[in-house]
Amino acid sequence: LPNTVVERAEWWADRLCSYPVTVRETYGYDAGTDTATITETITYLDTCLGGTRFAPVPPMLSIAKEALGASFSAPVVDSALNTEFGPMLGVEGTSQYSWSVSGLARYVDATRVVIDTGQAPVDLQEELAVEVQKVTDAGHFAPWIFLDAIPMWTARGDLYWANPADSLYHLIETAEALPDGELKDELITHVQSQRSAYPPEDIFNLDLTEGAVRGPYSYLGSGTLNSWNENGPRQDAFLENVPLYTFYALARYYALVGETPSAEVWQKGQEALDRDMREQDWASFYWFDGFEDRRVAVRNANRHFAGLVGFVRLAELAQDPEAEALGRALLAKAAVLRLGMAQYPRYLYSAHLVELPPERDWQVRYAAGRWKGYLFNYDWTGAYDDPRQVTTLNQFGVDLQDHSGFMEPGTGYRDWDLGPCSAHLVAFRDMTPELARVLAHYAREDTEIYIYKTEELFPHWYAAFAEGALGAEHNLSHPVDSSQIFMAKALIQGAPPEELITYLDIPWLQQGDLFYVHKLAETIKAYRGWAWTDTASLHASPGDQAIHLRWETWADLPPGLTWEIAYEGPTGDQPSPITGIDGSVRTYTLTGLTNYTWYTVNLIGGSGSLTLVDSNSVTVMPTDIFVYLPSILRSP
């Protein structure tokens, strides 16, 4: 055998004398430093004498640890074994270690606010008003059974807004885009009535026949709803219990109406979290086979992160600090899971677990003549051309696909034991603004691959009733496809409103198309201007050897906060960084700078070692050359 092989075998033989059998996990959170700490305690089975204990790191954490800046209580050793689940890392000589992640509080504590730095076009505001009025006039809507293979199949397609929490989320986002007035009050009253009549903490599947029909393109079937019932072949479309995701929508609801959850609601939120975590696998941070909420893994990860954001916010409202600390610690695990999924394809390439054919258009060549459509990639030469997402993840393996796939027993795919599911895009389905912010901050490059490849293949991705090129034998793209790409462009890429408005197209439904209503609302927010409450808007103007700074904030800042100004460029009278500026200050002038030289300036606000507010960067050049235009007065 080659020496390298012998060395690896001997290395592992030494570390398998104590074989890890079980892991017990405990959680801590330090609010002063915004640090979540997870402690892993491992029991071993001794198989031989001597040897070195090797405490493994969960593979998904091994993938995402660099992006999140995770720190460990002891040095982490790379075993040089790259598995299907991720690289095998570990801590030597111990049965216990801890890992920590800091800086995630902002993704829970901050909210989006409309700051009215601009104005939306009148016709766009009128369009939103019309659609909202349809919603409030109709009262309760039946869920939307979307079919995409008629007249051949009635089980194919998707089910939208059967969970009342889904509708609440869309409508709350819409209400926040409306100007104060009668229509906004009417919509909030409608949201309150729906929350009261169909409490999402109790009801997770609405009756498919109760309520107003959303329009001509809504399937109702023949009274029994044929295949669309909880006993039919599309059982995967229905929830089996109240998901943790529900409590994100409820947290948004309480913030909208200014209420707090009852003890009963809060108890049900804790039960949902307990169920989610008891059914998760330690190594993958995902659910055991058969216990996942939705059938696509990346969608579940999106929903789980949102659910924990909602859980923490409800814990604050319920004044339950112990549960809040637990939720904040578990949020670190949820962030690891979602970012690990975003980076997983790149891991496969770096680990040499992927080998590509030499042709740039190899996928299209090899797929010629097949009857299944993919997110066809005409230029695929490396890791950053790979748009695939984690669609299946459990203790048995990981699958990647570029869409939701076509899964049924006996097809050769991993067996979901479910009926056929026509394909739709998956990366950003059920993505909330908080998760979009995480992806933009920690995995933007990985995330944007999916957006770019979708746009390349479908330049008209935003069009309603577009052809169904993904998947197998279905005739329409899914409405959730254009909706999720739209939200990714708005919330991850920060597309300007002038671009977003071109993607609105038309609604699928005569009334109650919540995807369309939400897109209208998001475009109006972009025109009006919005900001996260933990950010400051920094502005700068040049002076002679000086830069004049001013900034605005969008939230009540805590007492004791101080500002720090940092700049890049030749040192002036105040060396960078300038610290200890009183929290009430909103202007500052840097002096003694070098004229005709570019400076980049940033602002942060903090308390102790904890950063609470940060700003955009500004770049400006000090100068002593100014042009003053004369004032011209004209008599009336």
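This is a predicted model: local features need pLDDT of at least 70, side-chain atom pairs count only at pLDDT 80 or more; totals for chains, interfaces and linings use all residues.
Helices (H or I, at least four residues) and strands (E, at least two) here are DSSP runs, numbered from the N terminus.

Residues are numbered from 1 along each chain as its sequence is written, and side-chain values use heavy atoms, with hydrogens and water left out.

Confidence first. pLDDT is the predictor's confidence in each residue, from 0 to 100. The protein chain averages 92, and 95% of the residues score at least 70. One stretch to treat with care: over residues 408–418 the pLDDT is below 50. Beyond near neighbours in sequence, that stretch has 26 contacts in the model, a contact being heavy atoms within 4.5 Å.

Now the inside. Buried means under 20% relative accessible area, exposed means over 50%, and partly exposed is in between, with a 1.4 Å probe and protein chains only. A nonpolar core is a set of buried Ala, Val, Leu, Ile, Met, Phe, Trp, Tyr and Cys residues joined through side-chain atoms within 4.5 Å.

Which residues of the largest nonpolar core touch the most other members? They are Trp 99, Phe 305, Met 341, Leu 393, Phe 428 and Met 431, in a core of 139 residues. Helix H10, residues 321–350, gives the largest share of this core, with 15 residues. There is also a second, separate core of 19 residues. Its members include Trp 563, Leu 590, Tyr 599 and Val 601.

Back to Trp 99 for a moment. Leaving out residues up to four places away in sequence, Trp 99 touches, among others, Ala 36, Ile 38, Leu 61, Phe 72, Phe 285 and Val 336. Glu 40 and Lys 333 are also among its contacts.

Two helices next. The expected span of a helix is 1.5 Å times one less than its number of residues. Helix H9, residues 297–317, has 21 residues and should span 30 Å; its end C-alpha atoms are 30 Å apart, which agrees. Of those 21 residues, 19 are buried, so H9 is largely enclosed by the rest of the structure. Just after H9, Gln 319 takes a positive phi of about 55°.

Helix H14 covers residues 479–491. Its 13 residues should span 18 Å, and the end C-alpha atoms are 18 Å apart, which agrees.

On to the disulfide, meaning a pair of cysteine sulfur atoms within 2.5 Å. By this rule the count is one. Cys 17 is joined to Cys 48, with S to S at 1.7 Å. The torsion about the S-S bond is about -105°, so the disulfide is left-handed. Cys 17 sits in the loop between helix H1 (3–15) and strand S1 (18–30), and Cys 48 in the loop between strand S2 (35–46) and strand S3 (54–56), so the pair ties together parts that are 31 residues apart in sequence. Cys 17 is buried at 5% relative accessibility. Cys 48, at 37%, is partly exposed.

Now some loops. Asp 34 lies between S1 and S2. It has a positive phi of about 50° although it is not a glycine. Asp 34 is buried, at 8%. Asp 116 also shows a positive phi, about 55°, and is not a glycine. Its loop runs between strand S8 (112–114) and helix H4 (122–138). Asp 116 counts as partly exposed, at 46%.

Thr 83 is in the loop between strand S5 (77–82) and strand S6 (87–92). It is buried, at 19%. A polar atom of its side chain lies 2.7 Å from the backbone oxygen of Gly 86. Beyond four places in sequence, Thr 83 touches Tyr 347 and Leu 353.

Asp 385 is in the loop between strand S11 (372–373) and strand S12 (389–394), and is buried at 16%. A polar atom of its side chain lies 2.8 Å from the backbone nitrogen of Thr 381.

Last stop: where is Pro 577? Pro 577 lies in the loop between strand S18 (562–568) and strand S19 (578–582). A cis peptide bond joins Ser 576 and Pro 577, with omega about 0°.

Methods. A polar contact is a pair of N or O atoms within 3.5 Å; within protein, one must be able to donate a hydrogen and the other to accept it, and residues adjacent in sequence count only if both atoms are side-chain atoms.
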